[in-house]
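Subject: Handing over a two-chain model

Dear colleague,

I am passing a structure on to you, and I would be glad if you opened it before reading my notes. The sequence and the coordinates come first, and my notes come after them.

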Amino acid sequence: MSGDRMTRIWAQVARQARGAAVSVAHVCAAVVDGVGVDGAGVTVMVSPTVRETMTATDTVASGLEDLQLMLGQGPCVDTFVGGGPVLAVDLRSPECLARWPAFTPAALDIGARAVFALPLQVGAIRLGALDLYRGRPGGLNPAELADALVFADTAGMLLLDAAAGTQPDLTELAWQREGPRSYHAVVHQATGMVLVQLGCAVDAAFARLRAYAYAHDMRLRDVARAVVERRLRFDPDPAPERSADDAS
Amino acid sequence: MSERQLAEVFVEMADTLVDDFDLIDFLHRLTVRCVELLEVTAAGLLLSDDRGALQMVAASTEQTRLLELLQLQTDTGPCPECFHTGRAVTVTDLATTAGRWPQFVAAASQIGFASVHALPMRLRTEIIGALNLFDTRPGALSADTIRLGQALADVATIGLLQTRAISRRETLAEQLQTALNTRVIIEQAKGVVAERRQIDMDQSFVLLRTLARSTNRRLSDLSRAVVEGSEVF
């Protein structure tokens with residue numbers, strides 16, 4: 001079941017952090033061991049048009065990020081635009097060359113043979129991408145892909161919370177109980193409502209919802225339901241928000 | 001249903017599958033046709049999230065209680081069972097099955113559903129999701145209805161794979177993830193519109209869908225514009 005997968009993967013990430021605050025660098029280190037790739041890197045979106053490499057486990061991984069930023073093409077670029085993963089299992093295949101004519105030979109030159117780009121996105125929230133590479137051809141098997149997607153979910157939530165100034169501990173109950181990602185429609189609906197209430201961007205609205213859940217030791221979906229049922233509002237001023245318990 | 005009606009639905013679906021079509025709107029329409037043709041009360045589609053669970057991607061109505069019932073089946077319920085076994089699951093009377101999936105049965109009964117069916121979405125040897133049918137009357141569906149339901153589930157699979165030729169397992173994973181992320185964008189946009197207009201989520205979906213149609217845009221593109229603020233709704 002997916003809950004077990006999350007728990008196992010958080011444990012792997014937390015092990016890399018060795019007691020320090022968990023960062024996306026720890027996710028990259030853990031995913032390399034976890035899914036059997038040779039390296040990993042994270043590119044973040046600074047603004048709609050500016051992206052930068054945040055971390056990479058080795059020079060090939062950082063080279064792949066640099067190439068894509070420089071050439072404006074590659075799996076990571078496509079994953080930003082499309083919102084789904086881009087899994088290039090063999091860069092020597094004609095499809096890869098046709099799809100990324102400048103990136104493909106350059107990536108082969110620096111020693112990559114397979115590249116897997118996973119979006120760090122939640123709907124319209126585009127945080128960045130997690131790129132994995134192998135020096136040999138071959139895809140991720142279903143179990144490796146499932147793990148890689150959960151590593152990407154974890155990296156995405158770390159970026160989101162870091163940008164909002166909250167630094168959750170992976171051992172925290174809120175993460176354990178709910179997972180770094182909640183697919184419940186009500187959470188995403190509430191994000192849209194909070195965006196309007198605060199007049200902020202969608203990523204900030206989602207981060208505020210999550211921060212509220214941490215602070216009140218509530219499940220994210222319960223906070224979201226209170227917003228959607230109009231029992232809880234978020235106000236732009238720093239005044240304390242009405243709690244969902246008081247309002248109901 | 002008449003054969004003519006049936007033919008019209010398949011022609012409509014085939015007509016939709018042109019370049020750059022709107023996947024979520026297509027799947028939504030398919031679930032609406034399921035309700036009409038199969039004479040059930042409600043229908044929903046769940047897709048594999050490639051992490052071992054199912055996620056809701058379309059429903060015949062966007063009423064919150066139906067969406068929540070579909071989402072209850074992330075890990076357990078008739079759809080996950082259908083997904084994991086690859087076989088149709090039929091519950092002819094929910095009243096006698098409470099022990100099997102207590103949370104799901106309680107929620108379905110509360111809405112007034114008496115029977116539920118799950119049909120697999122198949123791609124060659126892989127199962128990529130399930131079509132969920134609900135009825136307020138107890139009882140089994142006829143063999144003909146099941147066959148037709150399966151045909152509609154297969155059409156949904158074709159729609160999902162249409163945007164690019166699926167020759168590799170990797171491409172399938174890419175398509176599934178993209179579809180699920182698109183669904184999230186639509187939920188975020190529903191929230192924006194619901195708050196701006198002080199309406200409920202169902203009305204919000206109808207407004208978004210109507211505007212997308214009347215301006216000839218994809219629901220997903222319009223929804224992203226609404227969330228990013230480039231479209232003030």
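Below is what was found, going from each chain to the contact between them and then to a few single residues.

Please keep in mind that this is a predicted model, in which local features need pLDDT of at least 70, side-chain atom pairs count only at pLDDT 80 or more, and totals for chains, interfaces and linings use all residues. Residues are numbered from 1 along each chain as its sequence is written, while chains are lettered from A and ligands numbered from 1 in the order in which they are written.

Chain A has 12 helices and 5 strands, where helices (H or I, at least four residues) and strands (E, at least two) are DSSP runs numbered from the N terminus. Of its 248 residues, 51% are buried; a residue is called buried if 20 or more other C-beta atoms lie within 10 Å of its own, exposed if 12 or fewer, and partly exposed in between, with the C-beta atoms placed from the backbone. Among the contacts in chain A between residues at least 6 apart in sequence, 60% join residues at least 24 apart, a contact being two residues whose C-beta atoms, placed from the backbone, lie within 7 Å.

The domain assignment divides chain A into domain 1 (2–163) and domain 2 (182–247), with bounds that come from an automatic or database domain assignment. The centres of these two domains of chain A, taken over C-alpha atoms, are separated by 30 Å. Where they touch, domain 1 of chain A supplies 7 residues and domain 2 of chain A supplies 6 residues, and on the domain 1 side α7(A) gives the most, with 3 residues.

Within α3(A), the buried residues are A:Ala61, A:Gly63, A:Leu64, A:Glu65, A:Leu67 and A:Gln68, and the buried residues of α3(A) pack against several elements of chain A, among them β1 (39–45), β2 (51–56) and α4 (75–82). Just after α3(A), A:Gly72 takes a positive phi of about 70°.

Chain B has 9 helices and 5 strands, which follow the pattern α-α-β-β-α-α-β-α-β-β-α-α-α-α along the sequence. Its C-alpha trace spans about 50 × 40 × 40 Å along the principal axes. With 233 residues, a compact globule would have a radius of gyration near 17 Å, and chain B has 17 Å, which agrees; this radius is taken over C-alpha atoms, and the globule rule is 2.2 Å times the number of residues to the power 0.38. Buried residues make up 48% of chain B.

Not counting residues up to four places away in sequence, A:Ala148 touches A:Val31, A:Val35, A:Phe116, A:Leu118, A:Leu132 and A:Leu140.

Finally, two residues of chain B deserve a look at their backbone angles. Most residues other than glycine have a negative phi. B:Arg124, although not a glycine, has a positive phi of about 45°; B:Arg124 is found in the loop between β4 (115–123) and β5 (126–135) of chain B and is exposed, with 7 other C-beta atoms within 10 Å. B:Gln198, also not a glycine, has a positive phi of about 55°, is found in the loop between α7 and α8 (201–214) of chain B, and counts as exposed, with 8 C-beta neighbours inside 10 Å.

With best wishes
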